[in-house]
Amino acid sequence: MSTTRSTGVLARLRAVRGDHGLTLAELMVTMVLMGVVGTIMISTVISVTQTVTHNQANADSLDTARIGMNRLTMNLRSGMSIQRSGLADAPAMAEIAPNKVTVYASLGAVPTKITYSINSNRELVEDWYVGNAASNPYWTFTNTPRTTVIARKIPTTAGPLFTFLDANGAPLTNQTSTNLTDLALLRSVTIALTVDVDPLRGGGPVTVSNTVVLPNMGIAKR
C-alpha cells in the first residue's frame with residue numbers, strides 16, 4: 001500500500017510542475033521580447049547621451065561667445081577721438097568692415113589702438129598697439145601688436161560680426177571704410193558674435209548680440 005501511495009504522490013507532483021520544459025515557440029518569443037527590451041534600453045541610453053553631449057557643446061559655445069562679447073563691448077565703448085597736428089581730431093574708429101574694426105581706446109594713461117578681426121583660422125583676434133607716451137598729444141602707436149585670441153571656432157556661415165550705425169540707429173551706407181567722413185557719422189556698433197566650439201558634438205552655432213553706444217565720440221585724449 002505504501003508503494004502505491006508514493007507512486008500517486010509523484011504523479012501528482014509531475015502534473016503540477018510539468019516535465020515538458022519550454023517549447024521552441026516559447027523560447028523564440030522570449031528571445032524576441034528580450035531583444036525588443038534591449039533595443040529600447042540601448043536607444044534610450046544613446047538618446048540621453050547625445051542630448052547631454054549636445055547641451056554641453058551648446059553651453060561651451062555660449063560661454064566662449066559671452067567672454068568674447070564682454071571683451072569687445074568693454075573696449076569698443078572706450079573708443080575716443082585722437083588729436084592731429086593742424087587737423088581735425090580723428091574719429092574713434094580708424095577702420096570699419098563687417099568682420100574688422102580698429103578703434104582708439106581710452107583704457108589707461110595713454111590711448112591704445114585696438115584692431116579686432118577674424119583670421120584665416122576663423123578665430124576672433126585682438127591686436128593691441130600701445131600709445132607712445134612721448135608722442136602726446138599727437139599720439140602714435142607701437143608697430144608690433146600684442147595679439148590675443150578672444151574667440152575660436154567662428155563658423156564660415158556666420159553673418160557680419162559688426163554692423164555700424166549712425167546717430168539715428170540706421171546702418172551706415174559704407175560698412176567698409178577708412179574715410180574720415182564715413183567714420184565721423186558712426187555713433188554705435190551692433191556686434192553679432194557666432195561661435196560653434198565643437199561641431200562634431202552637434203551643439204550647433206550660438207550667436208550672442210549686443211549694441212555698443214560710443215559715448216566718447218568727439219572727445220579726444222588730452
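Buried means under 20% relative accessible area, exposed over 50%, and partly exposed in between, with a 1.4 Å probe and protein chains only. The model is predicted: local features need pLDDT of at least 70, side-chain atom pairs count only at pLDDT 80 or more, and totals for chains, interfaces and linings use all residues. Residues are numbered from 1 along each chain as its sequence is written, and side-chain values use heavy atoms, without hydrogens and water.

**View A. Y104 and F141 form a stacked pair.** Rings of Phe, Tyr and Trp (its six-membered ring) pair if their centres lie within 6.5 Å; planes under 30 degrees apart are stacked, over 60 edge-to-face, the rest tilted. Here the centres are 5.6 Å apart and the planes at 20°. Y104 is buried at 14% relative accessible area. F141 is buried at 13%. Y104 belongs to strand β4 (residues 100-105), F141 to the loop between β6 (124-130) and β7 (146-151), so the pair ties together parts 37 residues apart in sequence. Strands are DSSP runs (E, at least two residues), numbered from the N terminus.

**View B. Two charges sit over rings.** The criterion is NZ of Lys or CZ of Arg within 6 Å of the ring centre and within 35 degrees of the ring normal. The charged end of K113 is 5.0 Å from the centre of the Y129 ring. R146 lies over the face of W128, 4.7 Å from the ring centre.

**View C. β8, β9 and β10 form an open sheet, in the order β8-β9-β10.** Pairing is antiparallel; two strands pair if DSSP finds at least two bridges between them. β8 (162-165) and β10 (206-213) are the edges: each has a single partner strand, so one side of each lacks a neighbour in the sheet. Four bridges join β8 to β9 (residues 188-195). F164 has V189 in β9 as its bridge partner.
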